[in-house]
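Subject: The structure, plus some notes

Hi,

Here is the structure I promised to pass on. Have a look first, and then read my notes below.

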Amino acid sequence: CEKSQQWIQALQLLHEMAVGHVEKDTVIYNAAVSACEKSQQWIQALRVFRDMADSRVQRNTITYNAVISACEKGEQWIQALQLLREMADTSVERNTLT
């Protein structure tokens, strides 16, 4: 889903997993956030990111980089800065992409 930028399919898969009571992990969520980011769907990327917290799935450097990039592509600078601050507050390691 991520490589082909099929963000709609990625979100549909997340929904189907929830309906089928299939456990979603960080990798699954990261793929969905990345698919949204690559398709310039910053609102959807942020929605998936927030759903991770609601589902108590750990967010990592890859997660933050993808959602921050999505916000950057959507020119959501304040949101991107808030995410950087949140990343530091939650002790998620930054890398050269961050």
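Leaving aside its neighbours within four places in sequence, which residues is Thr 63 in contact with? Before the reply, please keep in mind that this is a predicted model. The partners of Thr 63 are Thr 26, Asn 30, Val 33, Phe 49 and Met 52. Thr 63 itself is found in helix α4, and it counts as buried, with a relative accessibility of 0%.

On the α2 side, the contact is made by Thr 26, Asn 30, Val 33, Ser 34, Glu 37 and Lys 38. On the α4 side you will find Ile 62, Thr 63, Ala 66, Val 67, Ser 69, Ala 70 and Lys 73. Sorted by class, the contact of α2 with α4 has 5 nonpolar, 5 polar and 3 charged residues.

Ser 34 deserves a click while you are there. Ser 34 sits in helix α2, which covers residues 26-38, and it counts as buried at 7% relative accessibility. Although Ser 34 and Ala 66 are 32 residues apart in sequence, their C-alpha atoms are 5.5 Å apart in space.

Now for the other partner of α2. Helix α1 (residues 7-19) packs with α2 at an angle of about 150°, and the axes are 8 Å apart. The two helices are therefore roughly antiparallel to each other, and α1 passes α2 in a left-handed crossing. From α1, the contact takes in Trp 7, Ala 10, Leu 11, Leu 14 and Met 17; from α2, it takes in Ile 28, Tyr 29, Ala 32, Ala 35 and Cys 36. What classes of residue make up the contact of α1 with α2? There are 10 nonpolar residues in it, with no polar and no charged ones.

Next, the cysteines, in case you were wondering. How many disulfides does the count come to? The count is 0, with a disulfide taken as a pair of cysteine sulfur atoms within 2.5 Å. Cys 71 is in no disulfide, and the nearest cysteine sulfur, that of Cys 36, is 11 Å away. Cys 71 is buried, with a relative accessible area of 0%. Cys 36 is buried too, with a relative accessible area of 0%.

His 21 is not a glycine, yet it has a positive phi of about 60°. You will find His 21 in the loop between α1 and α2, where it counts as exposed at 73% relative accessibility. Glu 75 is another residue other than glycine with a positive phi, in this case near 60°. Is Glu 75 buried or exposed? Glu 75 counts as exposed, at 57% relative accessibility, and its place is in the loop between α4 (61-73) and α5 (77-89).

Happy to go through any of this together at the screen.

Cheers

Technical notes. Residues are numbered from 1 along each chain as its sequence is written. This is a predicted model: local features need pLDDT of at least 70, side-chain atom pairs count only at pLDDT 80 or more; totals for chains, interfaces and linings use all residues. Side-chain values use heavy atoms; hydrogens and water are left out. Buried means under 20% relative accessible area, exposed over 50%, partly exposed in between (1.4 Å probe, protein chains only). Helices (H or I, at least four residues) and strands (E, at least two) are DSSP runs, numbered from the N terminus. Axes are lines fitted to C-alpha atoms, for helices over the stretch in contact, and angles run from 0 to 180 degrees between N-to-C directions. Angles under 35 degrees count as roughly parallel, over 145 as roughly antiparallel, 65 to 115 as roughly perpendicular and the rest as oblique. A crossing is left-handed if the near helix is turned anticlockwise from the far one by less than a right angle, and right-handed if clockwise. Contact means heavy atoms within 4.5 Å. Ala, Val, Leu, Ile, Met, Phe, Trp, Tyr, Cys and Pro count as nonpolar, Asp, Glu, Lys and Arg as charged, and the others, Gly among them, as polar.
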